[in-house]
Amino acid sequence: MVSMKQTQTIIDPQISYVIENDMEAYRNLFLPICTTKYAYSKDTIFSRSGEISPQMYFLLEGIVKVYTVNPNGYIRILGYHRNNTFFAMDCLCGEKSAVVTIESITPVEVLPVSWQELRAAGKADPRFMEDLVRYYGSVLRLMCFDAESNSVCDASARLATFLCLFLRYRRQQGDTRSNAIFLTQDELASAVNASRIQIARICADFKNKGLIQCARGAITVLDQEGLEKISKYGGYYAAGK
């Protein structure tokens, strides 16, 4: 057995690549304050890296992805937002360019939110500003976790971490029907900052070890405990299993 040298990454149940319902308590507060909701199609760009974001949005329905793009066009997915969350929060930093791009991956319904409307919400409910700071901290915490994971973990550990966290999110939402995760290997590669070839090799290795089952456009987790060990110990555990 290969010695299992522990990495610094810990799967924290409070961390999720999918942020949803964190601001659900304020949905009915913003509907009358913002007055107008807008529907957008899939593939709408709400905020682009390098450009100033004039406003943030309250996501009523749908899913947006947050990502960066390098000069060669490689997309690095950082996370997803679903219902009852704020996104494009770069505008809170004033006249500074956004550092991420945000794009809808389904049709969405949003409320554009300005500073004036944020102040109105704070006056209407004093708890809102405190919860907004907590929410911003949760988003920042995910970004820091992602940076830490990609700094110290090998690609096997990063993929194992992502699969475990995505599965935990599904269960937190009450979906216990299956352990299937409907993402392509290209999407997984983008999510964990690896090449498509790396992900294909790691998935084949995980499949041979009985950890996952692969199908077109989906991965089914068969052994979550085994994936969590790889997340914790990285390639050392994978090599010694």
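The dialogue below sets values against definitions.

Modeller: This is a predicted model, in which local features need pLDDT of at least 70, side-chain atom pairs count only at pLDDT 80 or more, and totals for chains, interfaces and linings use all residues. Residues are numbered from 1 along each chain as its sequence is written, and side-chain values use heavy atoms, with hydrogens and water left out.

Biologist: How many helices and strands does the protein chain have?

Modeller: The protein chain has 8 helices and 12 strands. Helices (H or I, at least four residues) and strands (E, at least two) are DSSP runs, numbered from the N terminus.

Biologist: Why is Lys-207 called partly exposed?

Modeller: Buried means under 20% relative accessible area, exposed over 50%, and partly exposed in between (1.4 Å probe, protein chains only). Lys-207 has a relative accessible area of 47%, and is therefore partly exposed. Lys-207 lies in helix α6, residues 196-208.

Biologist: What makes strands β11 and β12 a pair?

Modeller: Two strands pair if DSSP finds at least two bridges between them. Here 4 bridges join β11 (residues 212-215) to β12 (residues 218-221), so the two strands pair; they run antiparallel. Gln-213 has Thr-220 as its bridge partner in β12. The hairpin of β11 and β12 has 2 residues between the strands, and Gly-217 takes a positive phi near 75 degrees. The C-alpha atoms of Thr-220 and Lys-207 are separated by 9.8 Å.

Biologist: How do you know that the buried residues of helix α1 are on the same side?

Modeller: In α1 (residues 27-34), Leu-29, Phe-30 and Cys-34 are buried. They cover an arc of only 105 degrees around the axis, which puts them on the same side of α1. The arc is that of the directions from the helix axis to the C-beta atoms. The face turned away from the buried side of α1 carries the exposed residues Asn-28 and Pro-32.
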